[in-house]
Amino acid sequence: MNNNVITLKLSSSQEDQLFQTFYNNKAKAPAYARWQLRCENCVITCYESGKTVFQGKDAEVYASPFMQEPPVPLQAEITDTDTLPQAGSDEVGTGDYFGPVCVCATIVDDTTYPLIQKLGIRDSKQLTDEQIRKIGPELLQALPHSLLILDNASYNRVHENNNMNAIKAKLHNKAYVNLNRKCGLPRLITIDQFTPENTYYRYLKDEPQVIRGINFETKAEDRYPSVGAASVIARYAFLVKWDEMEKQYDMTFHKGGGAQADRSGTEFIRRYGRENLEKVAKLHFKNTERL
């Protein structure tokens with residue numbers, strides 16, 4: 001791991017946001033630290049002094065959302081017609097040891113925005129699985145969208161030459177390429193930011209077609225209905241695939257990347273052998289080492 005180091009002074013809410021986002025990568029905290037997260041290509045340590053240190057090859061990737069001025073949020077009730085139509089995208093499954101990575105891009109306009117209001121669409125992480133299962137099909141039916149699902153076997157092959165953020169960038173771009181081909185894209189296009197803009201486009205340097213002019217914001221799913229809807233659709237697709245996986249292997253898998261996921265992995269290996277783990281899990285996660 002390269003020794004790129006970025007030190008920031010974060011607010012309490014920013015510390016909480018960072019910790020909750022990468023909670024599954026929690027590690028034993030060193031002396032004088034509140035907590036430490038060992039993420040892909042980056043170790044993040046929050047010290048009691050109030051400083052948070054990002055260290056590793058992708059330090060900038062993880063620190064960048066906290067190095068910018070906070071965006072001005074849209075009003076809860078959209079009254080400025082210039083914000084519609086809008087396209088947005090989000091991904092689900094990147095923090096789960098088991099299950100696919102799902103990316104969705106959607107378009108919301110003045111004809112579909114009332115449905116977004118009625119359903120109370122927001123970040124899928126704030127909704128229960130039961131709520132997602134109920135409203136996901138409605139959004140799939142009503143909204144122009146492009147949904148991409150990368151199964152585990154394919155993910156593990158791609159990850160041999162691409163880190164997690166590169167995979168996400170390529171999936172987001174492909175979703176927008178597909179959506180543009182279907183119905184064209186509006187002027188406002190937003191991604192729930194997971195990497196700096198310049199790094200995002202660097203990941204796409206070899207792609208045959210690249211969608212540009214994108215607005216990158218953290219926590220965008222709470223401010224842009226198109227991103228919120230994309231988050232819900234992606235989560236719904238993830239749950240459908242999860243159900244299929246449990247039915248196929250006749251066992252219960254646990255979401256996330258903690259101790260319960262380890263127990264699911266142990267049970268899976270006992271039943272089906274380690275050689276089949278790549279079909280259901282993301283092998284580069286720390287869980288594989290623990291197993």
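Cys183 is partly exposed, with a relative accessible area of 46%, where partly exposed denotes the range between buried (under 20% relative accessible area) and exposed (over 50%), computed with a 1.4 Å probe on protein chains only. The structure is a predicted model, in which local features need pLDDT of at least 70 and side-chain atom pairs count only at pLDDT 80 or more, whereas totals for chains, interfaces and linings use all residues. Residues are numbered from 1 along each chain as its sequence is written, and side-chain values use heavy atoms, with hydrogens and water left out.

A disulfide is a covalent bond between the sulfur atoms of two cysteines. With a disulfide taken as a pair of cysteine sulfur atoms within 2.5 Å, the structure holds zero disulfides. Cys183 is accordingly in no disulfide, and the nearest cysteine sulfur, which belongs to Cys104, is 12 Å away. For Cys39, the closest cysteine sulfur is that of Cys42, at 6.2 Å, which is too far for a bond. Cys39 is buried, with a relative accessible area of 9%.

As to the overall fold, the protein contains ten helices and ten strands, these being DSSP runs numbered from the N terminus (H or I and at least four residues for helices, E and at least two for strands). The radius of gyration is 19 Å, close to the 19 Å that the globule rule gives for 291 residues, so the protein is as compact as a globular protein of that length; the radius is taken over C-alpha atoms, and the rule is 2.2 Å times the number of residues to the power 0.38. Along the principal axes, the C-alpha atoms fill a box of roughly 50 × 50 × 35 Å. Of the 291 residues, 53% count as buried. Among contacts (heavy atoms within 4.5 Å) between residues at least 6 apart in sequence, 67% join residues at least 24 apart.

The largest nonpolar core has 82 residues, and those with the most contacts inside it are Phe54, Phe98 and Leu139. Helix 8 (residues 225-249) provides the largest share of this core, namely twelve residues. Such a core is a set of buried Ala, Val, Leu, Ile, Met, Phe, Trp, Tyr and Cys residues joined through side-chain atoms within 4.5 Å. Burial is also found for Asn165, which has a relative accessible area of 6% and lies in helix 6 (residues 164-183). When residues up to four places away in sequence are not counted, Asn165 touches Val61, Phe194, Thr195 and Tyr203.

Strand pairing, which requires that DSSP find at least two bridges between two strands, is illustrated by strand 5. Strand 1 (residues 5-9) and strand 5 (residues 51-55) run antiparallel and are joined by five bridges, with Val53 of strand 5 as the bridge partner of Thr7. Strand 5 also pairs with strand 4 (residues 42-47), again in the antiparallel sense, over four bridges, and here Val43 stands opposite Gln55 in strand 5. Strands 4 and 5 form a hairpin with three residues between them, and Gly50 in the turn has a positive phi of about 100°. In a regular strand the side chains alternate between the two faces of the sheet.

Side chains of opposite charge can pair when their charged atoms come close. A search of the whole structure finds eleven salt bridges, each defined as a side-chain nitrogen of Lys or Arg within 4 Å of a carboxyl oxygen of Asp or Glu. One of them joins the side chains of Arg290 and Asp262 at 2.7 Å, N to O. Because Arg290 lies in helix 10 (residues 286-290) and Asp262 in helix 9 (residues 259-272), this pair ties together parts that are 28 residues apart in sequence. Within the pair, Arg290 is partly exposed at 48% relative accessibility, whereas Asp262 is buried at 14%.

Another salt bridge, between the side chains of Glu267 and Arg271 (2.8 Å, N to O), lies within helix 9, where the two residues are four apart, about one turn of the helix. Both partners are partly exposed, Glu267 with a relative accessible area of 23% and Arg271 with 38%. The side chains of Lys205 and Asp206 likewise meet in a salt bridge (3.2 Å, N to O); Lys205 is exposed at 61% relative accessible area, and Asp206 is exposed at 64%. Finally, Asp129, Arg235 and Lys255 are linked in a network of salt bridges.
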